[in-house]
Amino acid sequence: MAQTLRIIKKYPNRRLYDTEISSYITLEEIRQLVLDGETFEVRDAKSGEDLTRSVLLQIISEHEEKGQPMLSPQLLSQIIRFYGDSLQGFMGPYLERSLQVFLDQQQQFRTQLNSLMGQTPWSMLNDLTERNMDAWKSMQRGFLDAATQAKPAAATPGANTGRTGKKSS
């Protein structure tokens, strides 16, 4: 089933209009479209110019300013150096392929890990916690049972009271 191209219009006032839902949306909502795997283009509402790259770069820029950045100054400097270089045309496809290989390996690792464990790490941790709690409760029950069954030995008539092993008369 082919996915239709979703068109987002960007107006001069910098507002973004999603033509599919007939509503204005935010950059965060466009980010969510990316995360959801939606196919879309951002177009200038007046000229029709494709603004997708600049909007995606704006989203990256905003996320780089918040939290822990993914792109170090060294990496950004190296990328800038490729602009105007004779290898500039190879850099984009190379980065795309490298990232795709990384994503494929990450998915393969997760699949192998899940098949080895048969479950997610969280469910394994939950199972381990439950087993530990059961063992702890069993141990406590054993201690309590032993403590309630152990009664001090009362002196009974005819019991051995001397050190020599003889009965006292």
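The legends below refer to a predicted model.

**Figure 1. Order of the elements along the chain.** Counted in this way, the protein has five helices and four strands. Read from the N terminus, their order is β-β-β-α-β-α-α-α-α. The protein has 169 residues, of which 11% count as buried.

**Figure 2. The largest nonpolar core.** This core holds 11 residues: I8, L16, I25, L27, I30, L33, F40, V42, L51, V55 and I59. Two or more of its residues come from each of α1 (27–35), β4 (40–44) and α2 (52–65). Helix α1 gives the most, with three residues.

Figure 3. The structure holds two aromatic pairs. One of them joins Y17 and Y24, whose ring centres are 5.2 Å apart, with 70° between the planes. This pair counts as edge-to-face because the angle between the planes is over 60 degrees. Ring pairs link Y11, Y17 and Y24 into a cluster. Y17 has a relative accessibility of 21% and is therefore partly exposed. Y24 is also partly exposed, with a relative accessible area of 39%.

**Figure 4. R15 over the ring of Y24.** R15 lies over the face of Y24. The distance to the ring centre is 3.8 Å. The ring of Y24 also takes part in the edge-to-face pair with Y17.

**Figure 5. Two loop residues with positive phi.** R14 is located in the loop between β1 (6–10) and β2 (16–18). Its phi is near 70°, a positive value although R14 is not a glycine. R14 counts as exposed because its relative accessible area is 67%, and the cut-off for exposed residues is over 50%. S22 belongs to the loop between β2 and β3 (23–25). For S22, phi is about 50°, again positive in a residue that is not a glycine.

**Figure 6. A nonpolar patch on the surface.** The patch is formed by L99, F102 and L103. Together these residues have about 300 Å² of accessible area. L99 is part of helix α4, which covers residues 88–117. With a relative accessible area of 51%, L99 counts as exposed, since the cut-off is over 50%.

Key
Residues are numbered from 1 along each chain as its sequence is written. This is a predicted model: local features need pLDDT of at least 70, side-chain atom pairs count only at pLDDT 80 or more; totals for chains, interfaces and linings use all residues. Side-chain values use heavy atoms; hydrogens and water are left out. Patches are made of residues with over 30% relative accessible area and no salt bridge: like charges are joined within 9 Å, nonpolar side chains (Val, Leu, Ile, Met, Phe, Trp, Tyr) within 5 Å. Accessible areas come from the Shrake-Rupley method with a 1.4 Å probe; for residues, only the protein chains shown count as cover. A salt bridge is a side-chain nitrogen of Lys or Arg within 4 Å of a carboxyl oxygen of Asp or Glu. Buried means under 20% relative accessible area, exposed over 50%, partly exposed in between (1.4 Å probe, protein chains only). Rings of Phe, Tyr and Trp (its six-membered ring) pair if their centres lie within 6.5 Å; planes under 30 degrees apart count as stacked, over 60 as edge-to-face and the rest as tilted. A charge sits over a ring if NZ of Lys or CZ of Arg is within 6 Å of the ring centre and within 35 degrees of the ring normal. A nonpolar core is a set of buried Ala, Val, Leu, Ile, Met, Phe, Trp, Tyr and Cys residues joined through side-chain atoms within 4.5 Å.
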